[in-house]
Amino acid sequence: MNNIFERIPVASVDLSGNEEKYAVEAIKSTWISSTGKFLSQFENEFANLCQTKHAVAVCNGTVALHLALLGLDVRPGDEVLVPSLTYIATANAVRYVGAEPVFVDVDPETWCMDPKKIEAAITRRTKGIIPVHLLGHPADMDEINKIAAVHGLWVVEDAAEALDAKYKGKPVGSFSKMATFSFFGNKLLTCGEGGAVTLNDDSLATRIKTLRGQGMDPTRRYYFPITGYNFRLTNLAASILCGQMERKNEIVEKRKMIFSRYDNAFKNIKGIKLQPCAKWAELSPWMYACLIDENDFGCSRNAVMEYLNKFNIETRPMFISLHKLPPFREESLQRCESLPETEYLSESGVMLPTYTMLSETDQNRVIDTLLDLKKQMLHRKKIA
Ligand SMILES: Cc1ncc(COP(=O)(O)O)c(C=O)c1O
């Protein structure tokens with residue numbers, strides 16, 4: 001088909017502030033590796049944003065999770081509770097340290113790990129819990145922390161998709177032992193590839209920094225008391241993040257506007273269900289997602305995606321349930337895991353174009369195309 005419409009991507013980067021200026025400054029200074037003023041500036045600003053004592057910049061969000069688990073000394077034979085409805089990095093990181101991810105179903109009211117389902121998944125091997133603040137909605141941290149305390153487990157928030165989300169009025173990233181963030185190209189703030197670990201514990205922060213830098217003693221150069229990794233972020237990448245941090249409020253506002261336009265267009269449409277928002281939550285406008293109920297809408301989520309694609313509109317399916325994927329399904333079957341909410345959301349969820357540069361005209365094209373399909377479904381029902 002010869003498409004007359006320009007492609008609308010599902011995500012796109014906006015570096016229209018001082019990002020370029022700071023990147024040039026980093027290049028001219030020759031400090032482009034993992035030391036430099038932008039790195040320390042970014043770490044300080046990010047810790048302030050998350051209201052934590054420390055922020056440790058790393059080369060991506062997956063590495064941030066891996067580092068957190070190394071910092072907590074998670075080992076082969078240990079089990080870590082994770083939601084199955086998340087990006088695969090959450091569970092992959094658990095495997096990197098030889099431990100096993102055990103999946104917990106999500107709550108339909110938050111799409112995040114359901115605290116009511118946690119206790120049934122705890123065994124003698126369980127060491128910790130990684131709730132994911134999915135699609136910008138915070139997990140119910142007070143309930144999760146309560147259960148963790150009863151069972152002597154640590155908690156690490158995977159906040160990759162939820163920068164600036166608020167739980168009971170306070171930003172995510174400070175509600176547990178550590179939290180991890182991603183600055184991948186589709187994230188709220190980006191430097192292409194990047195990540196961070198936020199935390200309050202001083203000695204754990206030293207351990208995390210030591211592990212990040214090949215195990216080198218922070219007070220004794222070229223002395224390596226432990227085996228570490230090269231998980232560092234570059235000053236060049238941090239310069240871009242400093243430019244992004246200046247624009248954080250502007251970026252959030254623009255994305256919130258996109259969310260509210262979609263919400264207004266879809267809230268009364270039979271067959272489209274909006275992302276819920278708990279009364280204690282303030283959503284981070286990361287990527288707009290909604291559910292397509294096949295019976296009520298008239299066709300499946302996949303058919304909706306195909307239709308939008310025909311009109312050159314890119315979408316993204318909800319995350320595939322991790323417990324169904326080849327690396328995890330055997331173990332999940334052996335544990336007889338039942339995760340019906342995850343499976344429903346995974347099969348019916350779709351993510352729509354969300355980025356600051358999305359024009360109102362282009363967003364209207366997305367909305368109108370989806371609503372046209374709905375009209376066709378209604379028409380088909382009438383004549384059937
Ligand atoms: C929930 C979640 N965790 C972890 C990550 C991994 O981050 P990165 O892609 O920066 O490695 C992502 C990523 O995109 C994510 O959505």
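Trainee: Does D105 count as buried or exposed?
Mentor: This is a predicted model, in which local features need pLDDT of at least 70 and side-chain atom pairs count only at pLDDT 80 or more, while totals for chains, interfaces and linings use all residues. Residues are numbered from 1 along each chain as its sequence is written, and side-chain values use heavy atoms, with hydrogens and water left out. A residue is called buried under 20% relative accessible area, exposed over 50%, and partly exposed in between (1.4 Å probe, protein chains only). Because its relative accessibility is 2%, D105 counts as buried.

Trainee: Which backbone nitrogen does the side chain of D105 reach?
Mentor: D105 sits in the loop between β3 and β4, where strands are DSSP runs of E with at least two residues, helices are runs of H or I with at least four, and both are numbered from the N terminus. Its contacts (heavy atoms within 4.5 Å) include S338, L339, P340 and T342, when residues up to four places away in sequence are not counted. At a distance of 3.1 Å, the side chain of D105 reaches the backbone nitrogen of E341.

Trainee: How many salt bridges does the rule find across the interface of domain 1 and domain 2?
Mentor: The chain is divided into domain 1 (19-246) and domain 2 (248-383), with bounds that come from an automatic or database domain assignment. A salt bridge is a side-chain nitrogen of Lys or Arg within 4 Å of a carboxyl oxygen of Asp or Glu, and R335 forms one with E100, the closest N and O atoms being 3.7 Å apart. Across the interface of the two domains, the number of salt bridges that the rule finds is three.

Trainee: What area do domain 1 and domain 2 bury between them?
Mentor: Buried area is the accessible area (1.4 Å probe) that two parts lose on being put together, summed over both. In domain 1, W111, L135 and L188 lose the most area to domain 2, together 21% of what that side buries. Carbon and sulfur atoms carry 65% of the area that the two domains bury between them, which is about 3600 Å².

Trainee: What distance separates the C-alpha atoms of I251 and L188?
Mentor: I251 is placed in helix α8 (residues 248-266), and its relative accessible area of 3% makes it buried. Leaving aside neighbours within four places in sequence, I251 is in contact with L188, L189, Q244 and T356. Although I251 and L188 are 63 residues apart along the chain, the separation of their C-alpha atoms is 7.3 Å.

Trainee: Is K127, the salt-bridge partner of D78, buried or partly exposed?
Mentor: The side chains of D78 and K127 meet at 3.2 Å, N to O, with D78 in the loop between α3 (61-71) and β2 (79-83) and K127 in strand β4. D78 counts as buried at 10% relative accessibility, whereas K127, at 34%, counts as partly exposed.

Technical notes: Polar contact = N/O pair within 3.5 Å; in protein donor to acceptor, adjacent residues only side chain to side chain.
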